[in-house]
Amino acid sequence: MTVSFKGIGQTAATFTVSGTLASGDVVAMSGNGQVKKADAGDDIAGVCQSVRHGLATVIVAGHAQMAASGSVAVGIASLEADTGGKVKAAAEGGRQVLVVAVQNNILDVIL
């Protein structure tokens with residue numbers, strides 16, 4: 001039997017895009033109603049689900065997958081943005097998430 005977390009409590013919102021953004025990128029707010037690919041140290045607003053015509057659908061709550069730099073353990077974790085639209089474990093602060101699975105540096109999280 002397999003377990004799937006996809007879609008659990010998922011809430012998405014539409015934002016305008018600043019710069020270059022792709023599906024799966026971790027995003028940060030860059031202005032009023034606007035997101036960008038998160039840079040190292042940015043606060044995590046969510047994960048880009050899709051981009052079209054300068055608009056991004058961003059998962060802001062519920063299940064999301066995030067690419068990680070370095071090691072992140074299953075359980076409650078504080079994450080912060082890293083380079084390349086990825087996340088890493090936060091030394092202090094960060095966004096608290098529930099990491100429900102980790103495989104090949106891809107995190108299944110509940111935001």
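Author: Two strands count as paired if DSSP finds at least two bridges between them, and with that rule in mind we can read this predicted model strand by strand.

Reader: What do the five strands close into, and in what order do they follow one another?

Author: They form a barrel whose order is β1-β3-β2-β4-β5, with mixed pairing. From one strand to the next, the twist averages 55°.

Reader: Which strands pair with β7, and over how many bridges?

Author: There are two pairings to describe here, and both are antiparallel. Strand β7, residues 75-81, pairs with β9, residues 95-103, over five bridges, while three bridges join β7 to β8, residues 87-89.

Reader: What lies between β7 and β8, and which residue in the turn has a positive phi?

Author: The two strands form a hairpin with five residues between them, and in the turn Gly 84 has a positive phi of about 70°.

Reader: Turning to the loops, where is Asp 42 found, and what does its side chain reach?

Author: Asp 42 is found in the loop between β3, residues 34-37, and β4, residues 46-52. Its side chain reaches the backbone nitrogen of Asp 39 at 2.8 Å, and a polar contact of 3.1 Å joins the side chains of Asp 42 and Lys 36. If neighbours within four places in sequence are set aside, Asp 42 is in contact with Ala 28, Lys 36 and Ala 81.

Reader: Is Asn 105 buried, exposed or partly exposed, and why is it classed that way?

Author: The class in between buried, under 20%, and exposed, over 50%, is called partly exposed; Asn 105 has a relative accessible area of 42% and is therefore partly exposed. Asn 105 has its place in the loop between β9 and β10, residues 106-110, and, not counting residues up to four places away in sequence, touches Met 66, Ala 67, Ala 68 and Gly 70.

Definitions and conventions
Residues are numbered from 1 along each chain as its sequence is written. This is a predicted model: local features need pLDDT of at least 70, side-chain atom pairs count only at pLDDT 80 or more; totals for chains, interfaces and linings use all residues. Side-chain values use heavy atoms; hydrogens and water are left out. Helices (H or I, at least four residues) and strands (E, at least two) are DSSP runs, numbered from the N terminus. A polar contact is a pair of N or O atoms within 3.5 Å; within protein, one must be able to donate a hydrogen and the other to accept it, and residues adjacent in sequence count only if both atoms are side-chain atoms. Contact means heavy atoms within 4.5 Å. Buried means under 20% relative accessible area, exposed over 50%, partly exposed in between (1.4 Å probe, protein chains only). Axes are lines fitted to C-alpha atoms, for helices over the stretch in contact, and angles run from 0 to 180 degrees between N-to-C directions.
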